[in-house]
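Me: I am new to this structure. Please show it, and then I will ask about it.

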Amino acid sequence: MTHDYSLLNRQLAALLDTRDWLTNSAQTCAFIMQQVPDLNWVGFYLQHQPELLSLGPFQGKPACHPIPFAKGVCGAAARTRSTQRVDDVHSVADHIACDADSSAELVVPVVVADRLWGVLDLDSPRRGRFTDEDQAGIEALVATFIERTDLA
């Protein structure tokens, strides 16, 4: 199934009508959860302390908190500052299983002025859910979030 990420990006840009990070991160999660099919969790993890991610705004079941950079897919995205796309999270040795229903994961780092602000985490109950197109589309949505939000 193909999604029109350029349309989603324009819609997200219009939705983010404030510079407030809390409002915009909550809206971004809700928008992605509503518009992108086959997801069971969408949320931000924020870096408030060195080598540690803290739970931020999200949509879905209660989540794991905190997440060390040394563990899991979110930790790997934070540690490497690169997008992590995993077709089967159960094959990842140090995967943090917050929700047993999650099978695939896409995590995009949020980097502002060479500083890690946090990561955007998407989980799906469907193995192999995320394609190259999804990765590029979600990375573009994250870029729009960064551009329209004060993340100092």
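Me: What radius of gyration does the chain have, and what would a compact globule have?
Reply: This is a predicted model, where local features need pLDDT of at least 70, side-chain atom pairs count only at pLDDT 80 or more, and totals for chains, interfaces and linings use all residues. Residues are numbered from 1 along each chain as its sequence is written, and side-chain values use heavy atoms, without hydrogens and water. The globule rule, over C-alpha atoms, is 2.2 Å times the number of residues to the power 0.38. For 152 residues a compact globule would be near 15 Å, and the chain agrees with 14 Å.

Me: In what order do the elements run from the N terminus?
Reply: Helices (H or I, at least four residues) and strands (E, at least two) are DSSP runs, numbered from the N terminus. The chain has four helices and six strands. Their order is α-α-β-β-β-α-β-β-β-α.

Me: What percentage of the residues count as buried?
Reply: Buried means under 20% relative accessible area with a 1.4 Å probe, counting protein chains only. Of the 152 residues, the share is 48%.

Me: How far apart are the end C-alpha atoms of helix α4?
Reply: The expected span is 1.5 Å times one less than the number of residues. Helix α4 (residues 132-147) has 16 residues and should span 22 Å. The computed distance agrees, at 23 Å.

Me: Which residues in α4 are buried?
Reply: The cover over the buried residues of α4 includes α1 (5-15) and β5 (104-112). The buried ones are Asp134, Gln135, Gly137, Ile138, Leu141, Val142, Thr144 and Phe145.

How values were computed:
Buried means under 20% relative accessible area, exposed over 50%, partly exposed in between (1.4 Å probe, protein chains only). Contact means heavy atoms within 4.5 Å.
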